[in-house]
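Keep the sequence and the 3D view open while reading.

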Amino acid sequence: MPDSRPGALDRALRYLTRRAYATAELKTKLLAAGHPYPEVRDALRELERMHLLDDRQLAEDRAAALGQRGYGLRRIENDLRKRRLAQLLPEEQREALRLDEPQRALTAAEFKLRLLSREPDPRKRREKLLRFLFARGFSPEAAFGAADQLLGSD
């Protein structure tokens, strides 16, 4: 009686229709689904051959998307590290994100400050703003720079 469950390649294609995966993530999911290692290895090679699996491009795209969504370099690098893609981010893109970080921090701070408008205590408002910026992965220099620019250096 033939096995009616989908093969590793079919399952991988189904996963990839939902979102982009790094090779390591996809390998882990396929192995966890019970596919034997040789079948998983062959499926991953076939996906790479079909240009449906490209870790370098995924790293570049993910970093750009997170940067556009207002995250700092630390948060972007942590996300890529979690997906095992950090080493694939080109140094030029990393440097561009580093140079653009003060502007992204300022934009994020402006958004958050509107939400903090009801906070009457200026010290608490500043602390909340800085916590927000640090949680989004901005460097202390970028976070304090944005806070100083918007609130003054009390």
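## A first residue

Asp61 sits in helix α4. Helices here are DSSP runs of H or I with at least four residues, numbered from the N terminus. Between Asp61 and Tyr37 there are 28 Å in space, C-alpha to C-alpha, and the two are 24 residues apart in sequence.

This is a predicted model, in which local features need pLDDT of at least 70 and side-chain atom pairs count only at pLDDT 80 or more, while totals for chains, interfaces and linings use all residues. Residues are numbered from 1 along each chain as its sequence is written, and side-chain values use heavy atoms, with hydrogens and water left out.

## Helix α6

Helix α6 covers residues 91–115, which makes 25 residues. From first C-alpha to last, α6 reaches 35 Å. That is close to the 36 Å expected at 1.5 Å a residue, where the expected span is 1.5 Å times one less than the number of residues.

Where does α6 kink? The kink lies at Glu101, shortly before the proline Pro102, and amounts to about 50°. The bend at a residue is the angle between axes fitted to the seven residues ending there and the seven starting there.

The buried residues of α6 are Gln93, Arg94, Leu97, Glu101, Arg104, Ala105, Leu106, Ala108, Ala109 and Leu113. Their cover includes α4 (55–68), α5 (73–82), α7 (122–135) and α8 (140–151).

Take Leu106, which lies in α6. Its relative accessibility is 9%, so Leu106 counts as buried. Leu106 touches Ala146, Gln149 and Leu150, leaving aside residues up to four places away in sequence; contact means heavy atoms within 4.5 Å. Leu106 and Glu119 are 13 residues apart along the chain, and their C-alpha atoms are separated by 19 Å.

Asp79 has its place in helix α5. With a relative accessible area of 13%, Asp79 is buried. Asp79 touches Arg62 and Leu66, not counting residues up to four places away in sequence.

Glu77 also lies in α5. Glu77 counts as buried because its relative accessibility is 18%. With residues up to four places away in sequence not counted, Glu77 touches Ala86 and Arg94.

## Two helix pairs

Two packed helices are described by the angle between their axes and the distance between the axes. Axes are lines fitted to C-alpha atoms, for helices over the stretch in contact, and angles run from 0 to 180 degrees between N-to-C directions.

| Pair | Axes come within | Crossing angle |
|---|---|---|
| α2 (residues 23–32) and α3 (residues 37–49) | 10 Å | roughly 145° |
| α7 and α8 | 10 Å | roughly 145° |

The crossing of α2 and α3 is right-handed. A crossing is left-handed if the near helix is turned anticlockwise from the far one by less than a right angle, and right-handed if clockwise. On the α2 side, Thr23, Leu26, Lys27, Leu30 and Leu31 meet Tyr37, Val40, Leu44, Leu47 and Glu48 of α3. The residues of the contact of α2 with α3 divide into seven nonpolar, one polar and two charged. Here Ala, Val, Leu, Ile, Met, Phe, Trp, Tyr, Cys and Pro count as nonpolar, Asp, Glu, Lys and Arg as charged, and the others, Gly among them, as polar.

Within α2, Thr23, Ala24, Glu25, Leu26 and Leu30 are buried. The buried residues of α2 pack against α1 (8–18), α3 and α4.

The crossing of α7 and α8 is right-handed. From α7, the contact takes in Arg125, Arg126, Leu129, Leu130, Leu133 and Phe134, and from α8 Pro140, Ala143, Phe144, Ala146, Ala147, Asp148 and Leu151. By class, the contact of α7 with α8 has ten nonpolar, no polar and three charged residues.

## Positive phi angles

His51 has its place in the loop between α3 and α4. Its phi is near 60°, a positive value in a residue other than glycine. Is His51 buried or exposed? With a relative accessible area of 71%, His51 is exposed.

Arg84 lies in the loop between α5 and α6. Arg84 is not a glycine, yet has a positive phi of about 60°. Its relative accessible area is 52%, so Arg84 is exposed.

Key: Helix = DSSP H or I, 4+ residues; strand = E, 2+ residues; numbered from the N terminus. Buried < 20%, exposed > 50% of the residue type's maximum accessible area, 1.4 Å probe, protein only.
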